[in-house]
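Open the model in your viewer and keep the selection tool at hand.

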Amino acid sequence: MDSNLNNTNPTISESYWMANTTPPSFPELNENVDTDVGIVGGGITGITTAYLLAKKGYKVAIIEADQIITGTTGHTTAKITTQHDLIYDEFINHLGEEEAKQYYQANQEALDFIKQKVKQSKIECEFKEEDAYLYATTNKKAQAIEKEAQAYNTLGIDGQYVDRLPIDFSIQAGIVMKKQAQFHPIKYLTHLVKELQNMGAKIFENTTAVDVIEGNEPKIVTKYGFQVTCKHVVSSSHFPFYDGKGLYFSRMYAERSYIVGGELKGKFAGGMYLSADKPKRSIRTANMNGKELLLIGGESHKTGQGGSSLQHFQNLKDFGKENFGIDSYLYNWGAQDLITLDKVPYIGQLTSRHSNIFVATGYRKWGMTNGTTAALLISDLIQEKENPYQDLFSPTRFYADPSIKTFLSQNANVAAEFVKGKLSGGSKRPEDLRKDEGDTITYQNNKKAGGYRDTNGQLHIVDRTCTHLGCEVEWNDGEKTWDCPCHGSRFSYDGEVYEGPADKPLKKLN
């Protein structure tokens, strides 16, 4: 029995998907290997890409820095939908009608792929068709909903304007997209992994990729010096582990959001929901041993700039109590994703000069369909097959509007956070920290540092200077991490890298 079910207000940030399902485990890479395709990242993109190529006879190897399926994919809301917030009217205006239609079609094909795979292989992953609703509670967003409904009509999307929801919410406007879906992502991908094993694919865990030696047969170099020699490299590691002078850190920014899960007392009316207004609220259910677990997500903010994450969790719990009568919560966890300059993922060749190194990143929190889209596209490119969406998703594309505006605003924000971090001081001394408390402290010679006293009373002190480009990290009190407000790198309380673009740990000071 899951021990977390007895915890009415969990103090450990734990994903529901990961708490009740354990993916298969694999060894570390401890020798040099040769393969056709080397894939870095064991989430939905990496596993699906490997599956598609292995079926075509390619030798594939996946290397994962932690455990497969437990990164971004293991922290999703797991909605499989092409309704990606208010986006289609914006795409029509900024990218063009044809490009907006292609984005929809690519993600619809991804949804269809998952649906067909689940049906054909009889995968028990709680796959369930649900209508997806986007709703507004203010006049401003109601007007945006009306424009989005017009965009649906223009693009031929199966959806319609609504003025009420199946659940008991008072709204000003809404829009529904029919026959979308939800599932248990770890159960789905565990099945694909078993098929990969049967096809002879190699999978390595706890193996961090740090570099690529370029060439006709590129070599992926790992932290301990072992190499994966291959014909094609695929970077599906959330943030690209290898930049290749693509300057991805300046062309994306990271956002965190939060999810809580509590048992419903009554019957849920069905459907998946997302608010157009801020603060965002995402709603869906999951099957918890025959009972309905309501998953409430939202509270998005740029990584390292959102204040107390404990407060974000509490805000979601308050929303659940007010609207669904949930008094206690069994799960809470955070999620992070990357957003590109024009909000379309970067999928394709790393740069124009990298014909055999591919990247997939920037899913904007819609990783189930965008991640599958990436796998379908990259597997086509490796097989030298034409794909109708390769220009749309190409990392080398550039749309002046909105890319220039977003680039300038995001990098101005980075500069402001850099200066702010250098000037802000720590008022606490190490001895002031209580058990399970972290904060900026004043350390030796009145220098600022990051301090955390664990539940056993041991003190961990690190240099707060991010090892990526020198910004000062901020304490995340809900997840016990140090988060960089500039480019989204995250570190454990004792300085180890959780998420890039940083690839070196924070310096330990004690």
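Two strands pair here if DSSP finds at least two bridges between them. Helices (H or I, at least four residues) and strands (E, at least two) are DSSP runs, numbered from the N terminus. This is a predicted model, so local features need pLDDT of at least 70 and side-chain atom pairs count only at pLDDT 80 or more, while totals for chains, interfaces and linings use all residues. Residues are numbered from 1 along each chain as its sequence is written, and side-chain values use heavy atoms, with hydrogens and water left out.

**First stop: the hairpins**

Select residues 437-442, strand β20, together with β21; the two pair in the antiparallel sense over 6 bridges. At Glu437 you can look across to Arg453 in β21. Between these strands lie 5 residues of the hairpin, and Asn445 takes a positive phi near 55°.

Now stay on β21, residues 448-453, where 5 of the 6 residues are buried (under 20% relative accessible area; exposed is over 50% and partly exposed lies in between, with a 1.4 Å probe and protein chains only). β21 also pairs with β22 in the antiparallel sense, over 4 bridges. Pick Gly451 and you will find its bridge partner in β22, Ile461. The hairpin of β21 and β22 has 5 residues between the strands, and Gly457 in the turn shows a positive phi of about 95°.

**Second stop: the cysteines**

Which residues does the disulfide join? Select Cys471 and Cys486, with S to S at 2.0 Å; a disulfide is a pair of cysteine sulfur atoms within 2.5 Å. The pair links distant parts of the chain, 15 residues apart: Cys471 sits in the loop between β22 (459-462) and β23 (474-476), and Cys486 in the loop between β24 (481-483) and β25 (490-492). The link is left-handed, with -95° about the S-S bond. Cys471 counts as buried at 3% relative accessibility, and Cys486 is buried at 4%. Next, select Cys466, which is in no disulfide; the nearest cysteine sulfur, that of Cys484, is 3.9 Å away.

**Last stop: a cavity**

Select Lys79, Thr81, Gln83, Ala132, Tyr133, Met272, Tyr273, Leu274 and Trp366, which line the second largest cavity. On a 1 Å grid over the protein atoms alone, a cavity is a set of points where a 1.4 Å probe fits but cannot get out, and lining residues have an atom within 4 Å of a point. The largest share of this lining, 3 residues, comes from β14.

Terms used: 1 Å grid on protein atoms, 1.4 Å probe; cavity = no way out; pocket = protein on both sides within 12 Å on 5 of 7 lines; lining within 4 Å.
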